[in-house]
Amino acid sequence: MAKLKIGVWLIGARGGVASTALVGLCALKKGLAGEAGLVSQLPEFRQLGLADWGDFVAAGHEIRCVRLVDEAMRMATDNRAIDPGLIAQCAEELDQIDRRVRLGTIHRVGPTIERLAAPEVPVGESPREAIRRLQADLSQFARHEGLEHVIVVNVASTEPPVDPTLLPRTWPELDRKLDLPDECPLPASSLYAIAALDLGFSYVNFTPSLGSAPEAIDDLARQRGSRHMGCDGKTGETLLKSVLAPMFRARGLGVMSWVGHNIFGNLDGKVLDDPANKKAKLASKDRLLAEILGYKPQTLISLEYVESLGDWKTAWDHVHFRGFLGTPMTLQFIWQGCDSLLAAPLVLDLVRFTELARQRGEVGRMPFLASFFKSPYGVSEHDFTRQFQMLEAWAGAGRAPHSTAEG
Ligand code: NAD
């Protein structure tokens, strides 16, 4: 019997995270990359029968008409973060993926993202028309490549937030709004989610954009037997918060204030320089402290675009806390990470775990993936260690029926 193939469809396919994940996938397929940074390669997940890297076929939607391999090469030339020789060894595969990339939608993405879009990107479609076009792209990909399933991962630019009071709670109510452009508040990230979930495909939202967060879209996923999770990958400063805040709580140390200044200079940073887009990111980064500590310390988070830093993000955090006899003390840390290289392996892990969830017949949200996200859908546990235990428990709960029988 032929090996089953699984599609990975990246929204924002030529961005920093996507192009790095695709270089990583090609390198892993060729045995050119190690296991560092990959959660799914940890010993506790080895017996799960996760799909092999070679089982995945990649493609995606984009709004910029640039060349994937050139964007990937910027991680070597501009950021000095990946060996250019490695990218050159993957260039042919990256070009193949690039030929499968289709034009996305910029429905309600706000002016800053609109300005990135090539003139070829359709405008004026109703939400329903956009969804049908996106679905045609996904179906054609699945058919042409002979895929068993497609996992759509949103790694596109962060959209401005949507007023939650405008969102209908059930799928039939939301469905009716798709024909009424003026009444439909959904941004592009949610149209991609609907397109995927309605076809029975999986959807993962790595960004703070609305995506599949609305109850009505979860309703759709359950009705169609598909699965989804988000939102906003937990890769750097917030990852540290979710590790350190439980320590302060467990020692009875009262956090009085937590200040975090972030500076970086990639395209994501440029988009987040727009206060409307930045609002979605700041809300996502600020949510977890009060949930972990049980009270809200004074917090201040800044996110500043400094072009010369490229993909190298520096976060400086100042934590002011009170110890025994009321004595104030301070923890400071500096985190310097290469944003796309922190995110890319998590995208690949999420795809593998999501595929296993599909094989296990799981439907709706995937709470066991909470440790990957700053704002995990439907999960109020933000302590990283406990979230990771949720993943381990899920992994131990059932053996995968290995879908890739070889013949
Ligand atoms: P990026 O700006 O390099 O890439 C985003 C890509 O999305 C661009 O190529 C852009 O053209 C494309 N795009 C924008 N709107 C689109 C649309 N409607 N349809 C299709 N394509 C669209 O950003 P990045 O650094 O790759 O980050 C991607 C996303 O992941 C951002 O939302 C970011 O906030 C989020 N994220 C990143 C990290 C990290 O890098 N460590 C962590 C958590 C979340």
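This is a predicted model: local features need pLDDT of at least 70, side-chain atom pairs count only at pLDDT 80 or more; totals for chains, interfaces and linings use all residues.
Buried means under 20% relative accessible area, exposed means over 50%, and a residue between these limits is called partly exposed. With this cut-off in hand, the 1% relative accessibility of Asp-232 explains why this residue counts as buried.

## Domains

The domain assignment of the protein chain gives domain 1, made of residues 5-233 together with 341-397, and domain 2, made of residues 237-338. When their centres are taken over C-alpha atoms, domain 1 and domain 2 are separated by 25 Å, and the contact between them takes 25 residues from domain 1 and 29 residues from domain 2.

## Nonpolar cores

The largest nonpolar core has 63 residues, and those with the most contacts inside it are Leu-94, Phe-353, Leu-369 and Leu-391. Several elements give two or more residues to this core, among them strand S1 (6-11), helix H1 (16-29), helix H3 (84-99), helix H12 (339-359) and helix H13 (384-397). Helix H12 gives the most to this core, with ten residues.

A second, separate core has 42 residues, including Ile-11, Val-152, Ala-188 and Val-271.

Because its relative accessible area is 16%, Val-39 is buried. When residues up to four places away in sequence are not counted, Val-39 touches Phe-45, Leu-346, Asp-349, Phe-353, Phe-372, Phe-388 and Leu-391. Val-39 and Gly-378 are 339 residues apart in sequence, and their C-alpha atoms are 22 Å apart in space.

## A pocket and a cavity

Which residues lie nearest the centre of the second largest pocket? They are Leu-210, Ala-213, Cys-231, Arg-287 and Tyr-377, and the lining as a whole has 29 residues. About 680 Å³ of space lies in this second largest pocket. Its lining draws at least three residues from each of domain 1 and domain 2, while the largest share of the lining, six residues, comes from helix H11 (residues 275-293). Sorted by class, the lining of the second largest pocket divides into 16 nonpolar, six polar and seven charged residues.

The count of cavities of 30 Å³ or more comes to one, and the largest cavity has a volume of about 40 Å³. The largest cavity is lined by Val-8, Leu-25, Trp-53, Phe-56, Leu-348 and Val-351, and by class this lining has six nonpolar, no polar and no charged residues.

## Backbone geometry in two loops

Cys-231, which is among the residues nearest the centre of the second largest pocket, is found in the loop between strand S6 (227-229) and helix H9 (237-250). A cis peptide bond joins Gly-230 and Cys-231, with omega at about -10°. Asp-232 also lies in the loop between S6 and H9, and although Asp-232 is not a glycine, it has a positive phi of about 70°.

Arg-108 likewise has a positive phi, near 55°, in a residue other than glycine. The place of Arg-108 is in the loop between strand S3 (102-103) and helix H4 (111-114). Is Arg-108 buried or partly exposed? Because its relative accessibility is 42%, Arg-108 counts as partly exposed.

Thr-385 lies in helix H13, and Gln-359 lies in helix H12. Thr-385 counts as partly exposed because its relative accessibility is 46%, whereas Gln-359 is buried because its relative accessible area is 16%. Each of these residues can also be placed by a partner elsewhere along the chain, as the table sets out.

| Pair of residues | Distance along the chain | C-alpha separation |
|---|---|---|
| Thr-385 and Ser-242 | 143 residues | 8.3 Å |
| Gln-359 and Leu-50 | 309 residues | 10.0 Å |

Methods. Residues are numbered from 1 along each chain as its sequence is written. Side-chain values use heavy atoms; hydrogens and water are left out. A nonpolar core is a set of buried Ala, Val, Leu, Ile, Met, Phe, Trp, Tyr and Cys residues joined through side-chain atoms within 4.5 Å. Buried means under 20% relative accessible area, exposed over 50%, partly exposed in between (1.4 Å probe, protein chains only). Helices (H or I, at least four residues) and strands (E, at least two) are DSSP runs, numbered from the N terminus. On a 1 Å grid over the protein atoms alone, a cavity is a set of points where a 1.4 Å probe fits but cannot get out, and a pocket is an open set with protein on both sides within 12 Å along at least five of seven lines; lining residues have an atom within 4 Å of a point. Grid points are joined across faces, edges and corners, and a volume is the space filled by probe spheres set on the points. Ala, Val, Leu, Ile, Met, Phe, Trp, Tyr, Cys and Pro count as nonpolar, Asp, Glu, Lys and Arg as charged, and the others, Gly among them, as polar. Domain bounds come from an automatic or database domain assignment. Contact means heavy atoms within 4.5 Å.
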